[in-house]
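I opened this model to look up its charged pairs first, and then a helix pairing and a surface patch. My notes follow in the order in which I checked things.

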Amino acid sequence: MSADTTPNRRLSAIVFTDMVGYSSLAQRDERLALEILVEVQGVLRSKFAEFSGREVKSTGDGFLVEFPSALQAARCAIDAQLALNTRNQRIPGEPLLVRFGIHVGDVVDIDGDIYGDGVNIAARIEPMAEPGGVCLSSTVQSQIENKIEWPLEKLDHVHLDGISTPIELYRIVFPWSRPDRVTRTVRRSSRTIIALAAALIIVAGGTWQALSRVHKAGQEGKSSASGVASSQSYSVAVLPFVNMGQSKDDEYLSDGMTEELLNALAQVDGLRVPGRTSSFAFKGRVDQSMFRKIGDALKVEAVIEGSVRRVGDKVRITAQLINVADGFHLWSETYDRTLKDVLDVQQDVATQVVAAIKRAGFAGQDTKIDWPTRNPEAYRLYLLGRHQSSKNTLESSRKAIALFEQALKLDPDFALAYCGLADDFSQVFSDPAEWRPRIKKYVEKALAIDPELPDAHLSLATILAYDDWKLGAAERSFKRAIELNPNLVNGHAAYGRFLASRGRSSEANIHASKALELDPLSPMTLSDVGAIHFYARDYESVLKLCKQASEVDPRYPPIFSLMGWSYLMQGKTGEAIAAFENGYRLLKVDMTICDLACGYAKAGKHTQATDLLDQLIGGSGDKYVYPGDLALIYGYLGQMDNAYAQLDRALQARDWACFNLQANPRWDPLRKDPRAAGMLRRIQEAAQ
């Protein structure tokens with residue numbers, strides 16, 4: 001070490017500050033956020049100078065400051081908070097809220113920057129302060145007690161992660177201080193480079209501690225903050241992280257971070273986390289006034305929101321936990337990370353998260369958080385693939401397949417990438433003879449790599465049920481997928497539909513209710529649950545669910561299919577045809593053509609129905625047309641010989657439409673034919 005970098009060791013009062021809600025404000029109005037940041041910095045810097053504080057460095061929306069004494073540090077923090085509060089009373093629209101954390105300890109000065117345990121402890125104390133508050137260690141308390149005009153209050157049950165020595169904390173009680181302030185535990189990561197996803201899991205660890213403190217303070221056995229009773233220990237929604245980068249192409253990072261946090265929290269027993277689609281329903285719509293509405297809609301007590309900003313290979317992640325009842329920020333944190341060389345420490349971070357869950361004292365203390373790959377580039381490609389897949393178009397599915405294949409070239413043991421291929425492959429290729437064996441191979445490969453991957457078990461259940469007709473084995477796989485991940489929304493929905501198609505309505509309703517509890521704003525979930533009610537001939541419930549789904553996404557075609565069939569079963573042919581025509585205008589595919597043809601046939605408009613039938617058959621070219629669709633149209637046209645000829649073809653092709661003959665109301669015309677009993681018997685004999 002050269003002479004000019006010889007460390008200077010001394011005892012100092014260390015102050016960390018942080019501006020509350022800055023990231024959220026920046027997402028809503030970056031210009032206003034910068035103006036407010038400049039205003040806050042002006043107030044704080046004037047107070048630092050007044051009380052002989054040395055600004056060591058700025059941390060974006062906060063400061064690290066060194067003072068000669070604990071009393072000067074405390075008086076600076078008090079004066080700054082009084083000045084900010086006066087300003088907030090004068091301009092209430094956008095309050096300036098800052099947290100102060102103060103500690104006295106030994107520091108090492110190297111080139112003007114300071115390091116050491118004193119700095120680390122002060123950094124962990126600052127988030128324990130409430131917005132507009134000051135939190136300090138017992139070391140500071142002993143030096144300033146009876147020397148300031150404001151009372152001090154000891155915080156109970158304090159734990160600072162990464163600090164082995166117990167430290168007592170106090171807060172300065174201002175007139176605006178919250179009387180019901182909640183003690184929070186905050187996880188600050190080390191300076192080690194941690195993966196993007198891992199950084200968010202650290203958020204999950206700190207969040208879980210905050211949630212547990214809130215819950216144990218009085219939520220247990222009561223209604224949630226949004227006024228809705230929760231059947232589990234706690235409920236939190238992960239809102240879509242905002243892409244703050246300069247390129248829209250970086251959106252896969254923010255979406256990926258959201259999904260990784262969703263997936264990680266879903267593995268924690270006792271925590272209810274609404275599904276991806278319900279959370280993403282609020283993408284681009286979140287502001288302070290929305291939190292209570294989100295709490296009511298998703299039946300959660302708190303939300304996590306954040307942002308991701310990428311510059312080169314550097315990424316800044318912000319996250320904050322917000323109580324939906326009052327918009328109070330329970331916790332917030334900013335992480336600066338890199339995209340390179342990041343996955344080696346993920347397991348260590350996961351271990352820390354599990355430890356945080358154990359300390360929270362909830363059930364499921366042996367929860368294990370697994371990581372899907374050790375290759376960062378493969379993981380990046382997978383996130384891009386899922387981002388493309390979520391667009392639900394033919395072209396995006398092709399792009400997703402290419403990205404999953406690239407990911408697998410880098411990591412041939414990336415099980416989730418095989419599941420991604422299985423999900424998208426059938427969207428690109430219509431002929432089951434082409435995609436069925438490929439999908440089966442992908443799912444078998446995923447299970448060989450990870451026998452406990454819920455997504456793979458769900459895909460396997462679908463193959464066993466709808467392709468192989470191995471109904472008993474399919475049911476075992478459905479159950480296994482849900483057992484491995486009780487929060488698997490599409491697992492509950494798919495299993496519910498399977499049970500409904502077998503005539504087991506009461507069991508199906510259990511899983512329908514669970515799916516809605518987990519993902520109440522998903523058009524897909526709402527339509528899946530609507531289909532379960534349709535099997536039970538509860539058409540009014542179906543129409544109600546369709547209305548809810550259309551409020552979320554008025555362009556989701558399955559809504560109009562269910563709506564039309566519910567009207568048709570009630571004899572309301574005009575309303576049915578209108579719904580079917582809406583679906584057909586949105587998406588001209590076999591499903592919507594079949595729906596509309598049946599609607600026309602039921603209304604006696606056989607010419608229009610026949611034209612659509614001809615369009616389906618004649619316009620197919622090399623495209624595979626499911627014989628079950630043709631059988632249904634012929635049935636509504638009253639051409640039963642043709643209908644049963646197509647059912648024979650469907651039986652040979654193992655088209656699941658055959659099983660609709662047992663319980664699906666839309667197949668009533670074919671069930672009335674004398675040949676129905678014999679056909680059902682042959683179908684049951686073909687199934688295992």
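I began with R171, which forms a salt bridge with E130, the closest N and O atoms being 2.8 Å apart. R171 lies in strand 8 (residues 169-172) and E130 in the loop between helix 4 (117-125) and strand 6 (134-137), so the pair ties together parts that are 41 residues apart in sequence. I noted that the model is a predicted one. I then looked up the accessibility of both partners: R171 is buried at a relative accessible area of 5%, and E130 is buried as well, at 4%.

Next I turned to R497, which forms a salt bridge with D528, with 3.2 Å between the closest N and O atoms. This pair links distant parts of the chain, R497 being in helix 17 (residues 489-501) and D528 in helix 19 (residues 523-535), 31 residues apart. Here I found R497 partly exposed, with a relative accessible area of 34%, whereas D528 counts as buried at 15%.

I also checked R504, whose salt bridge with E507 has its closest N and O atoms 2.9 Å apart; R504 is partly exposed at 26%, and E507 is partly exposed at 33%. I recorded a network of salt bridges linking R10, R54, E66 and D109, and my count for the model came to 27 salt bridges.

Lastly I looked at helix 23 and helix 24 (residues 606-618), whose axes come within 7 Å and cross at roughly 160°, which makes helix 23 roughly antiparallel to helix 24.

How values were computed
Residues are numbered from 1 along each chain as its sequence is written. This is a predicted model: local features need pLDDT of at least 70, side-chain atom pairs count only at pLDDT 80 or more; totals for chains, interfaces and linings use all residues. Side-chain values use heavy atoms; hydrogens and water are left out. Axes are lines fitted to C-alpha atoms, for helices over the stretch in contact, and angles run from 0 to 180 degrees between N-to-C directions. Helices (H or I, at least four residues) and strands (E, at least two) are DSSP runs, numbered from the N terminus. Angles under 35 degrees count as roughly parallel, over 145 as roughly antiparallel, 65 to 115 as roughly perpendicular and the rest as oblique. A salt bridge is a side-chain nitrogen of Lys or Arg within 4 Å of a carboxyl oxygen of Asp or Glu. Buried means under 20% relative accessible area, exposed over 50%, partly exposed in between (1.4 Å probe, protein chains only).
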